[in-house]
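Hi there,

Here is the structure I promised to pass on. Have a look at it first, and then read my notes below.

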Amino acid sequence: MGSMKDALAKIGIKEVAKPIAPNERSKIAKKKVTEDVVHQEQRNFCEACDQVRPDVELYKHRNPTTEAEWICVRCADQLQIPDTFRKTAQSDTSIKKMFRREYGATLHPSEIKNQPTERPRGPVNGNR
Ligand SMILES: [Zn+2]
């Protein structure tokens with residue numbers, strides 16, 4: 001009677017699959033580190049209107065209508081994001097001292113804390 005059960009148990013033990021997950025995990029982690037390191041280049045792509053613009057800057061705003069953070073002047077004005085949320089003065093327009101907001105006051109360059117280590121949020125750019 002018991003011999004059939006024993007046989008099944010033996011087969012079951014032999015069929016245990018090897019775990020493969022750990023390797024996959026470490027690959028993903030490595031990629032993320034690489035993305036974090038790349039941050040020095042100038043950004044001119046507006047995440048709000050999906051266009052290349054000479055006046056894109058980083059805004060750490062709390063506007064719930066957009067997830068964009070790198071935004072051109074025109075979009076920032078349309079989204080009514082005050083210039084006080086601006087964190088960079090890295091655009092061509094800023095460098096030429098021609099950066100000017102229509103919505104509210106424009107910050108003086110010395111009032112902006114330039115944060116070259118700021119990076120875009122991973123999920124936004126990751127899977128395009
Ligand atoms: Zn825009």
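Let's start with Lys-60, which counts as exposed because 12 other C-beta atoms lie within 10 Å. The labels work like this: a residue is buried if 20 or more other C-beta atoms lie within 10 Å of its own, exposed if 12 or fewer, and partly exposed in between, with the C-beta atoms placed from the backbone. Lys-60 sits in the loop between strand 3 (57-58) and strand 4. Not counting residues up to four places away in sequence, Lys-60 touches Glu-69, Phe-85 and Lys-87. Touching, or being in contact, means that the C-beta atoms of two residues, placed from the backbone, lie within 7 Å. Lys-60 and Thr-84 are 24 residues apart in sequence, and their C-alpha atoms are 9.2 Å apart in space.

Before you go further, two housekeeping points. This is a predicted model, where local features need pLDDT of at least 70 and side-chain atom pairs count only at pLDDT 80 or more, while totals for chains, interfaces and linings use all residues. Residues are numbered from 1 along each chain as its sequence is written.

Now the overall picture. The protein chain has five helices and four strands, and along the sequence they follow the pattern α-α-β-β-β-β-α-α-α. Helices (H or I, at least four residues) and strands (E, at least two) are DSSP runs, numbered from the N terminus. The chain has 128 residues, of which 21% count as buried. If you take the contacts in the chain with a separation of 6 or more, 55% of them come from residues 24 or more positions apart.

What about the inside? The largest nonpolar core has 13 residues, and the ones that touch the most other members are Cys-46, Trp-70, Ile-71, Cys-72, Cys-75 and Ala-76. Strand 4 (70-71) and helix 3 are the elements that give two or more residues to this core, and the largest share, three residues, comes from helix 3. By nonpolar core I mean a set of buried Ala, Val, Leu, Ile, Met, Phe, Trp, Tyr and Cys residues joined through C-beta atoms within 7 Å.

Leaving aside its neighbours within four places in sequence, Cys-46 is in contact with Gln-51, Arg-53, Val-56, Trp-70, Ile-71, Cys-72 and Cys-75. Arg-53 turns up again with Arg-74: the two are 21 residues apart along the chain, and their C-alpha atoms are separated by 9.4 Å. Arg-74 lies in helix 3 (residues 73-78) and counts as partly exposed because it has 15 C-beta neighbours inside 10 Å.

Most residues other than glycine have a negative phi. Which value does phi take at Gln-80? It is near 55 degrees, a positive value in a residue other than glycine. Gln-80 is in the loop between helix 3 and helix 4 (92-95), and with 11 other C-beta atoms within 10 Å it is exposed. Lys-97 also isn't a glycine, and its phi is positive, near 60 degrees. You'll find Lys-97 in the loop between helix 4 and helix 5 (122-126), where it is exposed, with 9 other C-beta atoms within 10 Å.

Finally, a couple of glutamates. Glu-102 is found in the loop between helix 4 and helix 5 and counts as exposed because it has 10 C-beta neighbours inside 10 Å. Glu-102 and Pro-82 are 20 residues apart in sequence and 9.7 Å apart from C-alpha to C-alpha. Glu-111 lies in the loop between helix 4 and helix 5 too, and is exposed, with 11 other C-beta atoms within 10 Å.

Cheers!
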